[in-house]
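Me: I've got a model open and I keep running into labels I'd like to understand. Can we go through them?

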Amino acid sequence: MKISLSPRSSKGFTLIELIIVIAILATLSSIAYPTYMSIQSNAARTAAKKSCTDIVAGVESFKQDNNGMLPYNADMVQPDDNDQMYLTTTAGQDGDMIKILTNRESDDADRRFNSTRSIYLRADEQDQPKDGLFIDTVGDVHFYDAWGKPFYIILCEEDSGAIDPFTTRRYRGKNCLVYSTGPDTEGAAAIADTDAKPKKGKKMSKKEKKAAEEAAAAAAELMAEALEDNVYSWKNQK
């Protein structure tokens with residue numbers, strides 16, 4: 001007896017069923033994606049904060065091993081009126097600090113600051129300028145955070161300690177502060193416009209005073225927003 005298959009037995013998904021499945025997958029993706037991105041962001045912030053503290057630890061170890069000398073080329077960096085020096089971990093802007101700490105200086109004895117050839121900063125070498133050491137085509141050494149930006153370094157050789165560039169608080173005994181601008185990359189220049197604040201002893205009309213107060217408040221708010229994602233070696237961050 002010949003047996004034939006019913007058209008119903010080979011039935012596939014209907015259009016409505018496919019739409020329902022796609023809608024479910026889209027809903028699940030929309031729920032999972034923010035969680036995934038949050039995990040990625042937290043991991044990047046954790047890595048950046050570790051790099052900040054690793055740089056500071058390397059500077060302090062170098063200082064102990066070299067009679068109080070800080071690891072930078074004084075011919076490349078000049079202090080300001082507060083004895084502060086501002087560097088980034090981009091080659092040419094770091095005073096050779098990264099070369100010194102990673103023992104990648106030239107073998108020329110006259111230019112070698114790390115005379116013991118010790119390694120004070122360990123980091124993975126990357127093939128692109130992101131998340132670690134990057135050696136460019138001419139052999140210069142850069143050090144970047146997880147977002148592909150340099151770290152910012154504040155040095156002070158005085159015992160009074162380095163100054164927080166955002167709050168002007170001085171950290172006594174700390175010769176090195178390091179920070180990353182984080183995912184928004186906006187914190188490097190986010191200093192409040194103190195000139196907008198009303199000056200003591202200066203006569204101002206009520207209108208001028210109100211305008212100055214509003215401008216100062218707006219500048220402070222912008223600074224706070226820009227610094228929210230920063231990662232520091234000297235502050236506790238959420």
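Reply: Helices (H or I, at least four residues) and strands (E, at least two) are DSSP runs, numbered from the N terminus. This is a predicted model, where local features need pLDDT of at least 70 and side-chain atom pairs count only at pLDDT 80 or more, while totals for chains, interfaces and linings use all residues. Residues are numbered from 1 along each chain as its sequence is written, and side-chain values use heavy atoms, with hydrogens and water left out.

Me: Why is Y179 called buried?

Reply: Buried means under 20% relative accessible area, exposed over 50%, partly exposed in between (1.4 Å probe, protein chains only). Y179 has 4% relative accessibility, so Y179 counts as buried. W234 at 10% is buried too, and so is Y232 at 3%.

Me: What about Y232 and W234, which kind of pair do they form?

Reply: Edge-to-face again, with 5.0 Å centre to centre and 75° between the planes. Ring pairs link Y152, F166, Y171, Y179, Y232 and W234 into a cluster.

Me: What makes a set of residues a nonpolar core?

Reply: The members are buried Ala, Val, Leu, Ile, Met, Phe, Trp, Tyr and Cys residues joined through side-chain atoms within 4.5 Å. The largest one has 26 residues, and I55, I153, L155 and V178 touch the most other members. Helix α1 gives the largest share of this core, six residues. Apart from it lies another core of eleven residues, among them F166, Y171, Y179 and Y232.

Me: Which residues does I55 contact, beyond its neighbours within four places in sequence?

Reply: Contact means heavy atoms within 4.5 Å. On that basis I55 is in contact with T89, M97, L101, L121, F143, F151, I153 and V178.

Technical notes:
Rings of Phe, Tyr and Trp (its six-membered ring) pair if their centres lie within 6.5 Å; planes under 30 degrees apart count as stacked, over 60 as edge-to-face and the rest as tilted.
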